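Let's take a friendly look at how pieces of a protein pack against one another. Have the sequence and the 3D view ready, and follow along.

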Amino acid sequence: MTALPFILLLVAASLGAGFLGALTGLGGGVVIVPILVLLFGVDLRFAVGASLVAVIATSSGAAAAYVREGYTNIRVGILLEVATVTGAIVGAIVAAMVSKNAIASIFVVALFWSAYSTLRPPKPLPPDTEPDAISRKFRLDSSYPTKEGMVAYRVHHVPAGGVIMFFAGLLSALVGIGSGIVKVFAMDRMMRLPFKVSTTTSNFMIGVTAAASAGVYLQRGQIQPAIAAPVALGALIGSLAGARVLPHIQTKALRYVFAGVVVFAGIELLRRVLSNSL
Amino acid sequence: MNNSAREGGEKPTDAGAPVHKGDLESKLATLLTAGTALSAVVLCIGGAVFLWEDSASKLNFSAFEPSAHGSVFSVFREAVQLKGSALMQLGVVLLILTPVARVFFTLVAFLARWDWLYVIVTVIVLGVLIYGLLGSAQLH
């Protein structure tokens with residue numbers, strides 16, 4: 001492909017990925033790597049690098065609004081970032097030691113998990129009001145805005161959450177996604193933060209996590225500007241547009257479409273791994 | 001269930017929170033918006049210059065060959081020459097630096113409040129980030 005259509009099509013495809021990612025809550029990262037590898041014939045190592053940059057762009061763009069509205073628990077975010085950035089650096093180092101097939105296989109698992117959780121959102125848990133010693137020490141308990149005004153909540157199981165966050169960072173760095181599902185799992189299920197606080201705090205952490213591994217990839221030459229720049233720009237515009245229309249539309253049918261795309265991408269990537277044609 | 005010794009009493013929210021909510025949040029939001037907007041502008045300019053230089057040559061990235069723009073400092077140096085690919089990479093680096101700037105700004109806010117526990121936590125995060133950006137070159 002010549003430069004002009006290559007760049008413009010990359011912007012358009014990433015715009016769609018960012019838009020759907022914002023509407024389904026999955027983030028664009030999960031489809032950007034398959035788009036680059038399967039549709040644009042880009043090497044997996046460049047695809048992961050570009051996807052991480054796009055993940056940073058969408059996270060920073062969305063985080064601004066959530067932080068201002070008071071959903072994000074900044075202390076929980078910063079504390080758990082110790083675990084995610086460490087995992088991200090380890091993941092970026094490990095990525096250089098393992099084969100492309102290994103990375104793609106891990107990616108396939110992440111794709112199927114993403115599709116599953118889009119179609120089966122977890123049931124809300126009742127709030128846990130028991131005080132927690134570590135949460136008290138780090139002053140993590142907080143409150144968040146709801147229709148009925150500010151509602152207080154408590155935070156639990158910080159060490160267990162931290163361990164999962166390490167693996168979220170590792171996964172993010174290995175395959176170039178935000179790992180929002182893993183982060184939300186840790187905060188919502190394990191640490192018992194309200195769902196809205198979990199998703200917004202996850203988004204807040206995603207940019208920092210991806211920046212840690214993107215730094216390593218940059219120095220390794222895995223960030224190719226002619227791919228990363230159009231992808232980041234498209235994903236950013238798409239996700240901002242998605243966030244804007246989100247309150248006004250029904251997303252149920254979209255979730256099925258998105259899950260279908262994700263499963264299809266997973267199967268196709270798996271086929272390439274098995275036939276050794278990545 | 002709360003004892004009176006606990007700061008904030010019945011509501012677990014208010015342990016040092018009043019200063020926190022609002023002020024820091026709005027500054028962080030502004031920083032994130034500014035960083036993303038600046039990066040987006042540089043990415044657009046870089047992309048336009050890149051296409052203006054040569055829009056007809058073939059691009060093929062099916063084989064991995066390390067990109068020429070591989071360090072934070074060299075990206076800034078190269079961008080001064082106003083080459084398209086260097087400008088695009090500058091936009092990318094600005095995007096990567098936006099969350100780093102956010103962590104740095106949070107550190108300053110915790111320092112200003114003498115919140116030592118979180119100063120330590122933030123310094124660790126910032127240290128790992130800086131290692132990723134600058135110090136990991138010898139790993140390859």
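The crossing of H5(A) and H7(A) is left-handed. Please keep in mind that this is a predicted model.

Two packed helices are described by the angle between their axes and the distance between the axes. In chain A, helix H5 covers residues 100-119 and helix H7 covers residues 158-175. Their axes come within 9 Å and cross at roughly 125 degrees, which makes H5(A) oblique to H7(A).

## Where the helices touch

Which residues make this contact? From H5(A) come Ile103(A), Ile106(A) and Phe107(A), and from H7(A) come Leu171(A), Leu174(A) and Val175(A).

## Chain A meets chain B

Next, step back to view both chains. On the chain A side, 69 residues are in contact with 74 residues of chain B. Between them, the two chains bury about 6,100 Å², and 71% of that area is on carbon and sulfur atoms.

## Salt bridges across the interface

How many salt bridges are there between chain A and chain B? The count is 2. To see a salt bridge between the chains, find Arg102(B) and Glu81(A), whose side chains meet with an N to O distance of 2.9 Å.

Key. Residues are numbered from 1 along each chain as its sequence is written. Chains are lettered from A and ligands numbered from 1 in the order in which they are written. This is a predicted model: local features need pLDDT of at least 70, side-chain atom pairs count only at pLDDT 80 or more; totals for chains, interfaces and linings use all residues. Side-chain values use heavy atoms; hydrogens and water are left out. Axes are lines fitted to C-alpha atoms, for helices over the stretch in contact, and angles run from 0 to 180 degrees between N-to-C directions. Helices (H or I, at least four residues) and strands (E, at least two) are DSSP runs, numbered from the N terminus. Angles under 35 degrees count as roughly parallel, over 145 as roughly antiparallel, 65 to 115 as roughly perpendicular and the rest as oblique. A crossing is left-handed if the near helix is turned anticlockwise from the far one by less than a right angle, and right-handed if clockwise. Contact means heavy atoms within 4.5 Å. Buried area is the accessible area (1.4 Å probe) that two parts lose on being put together, summed over both. A salt bridge is a side-chain nitrogen of Lys or Arg within 4 Å of a carboxyl oxygen of Asp or Glu.
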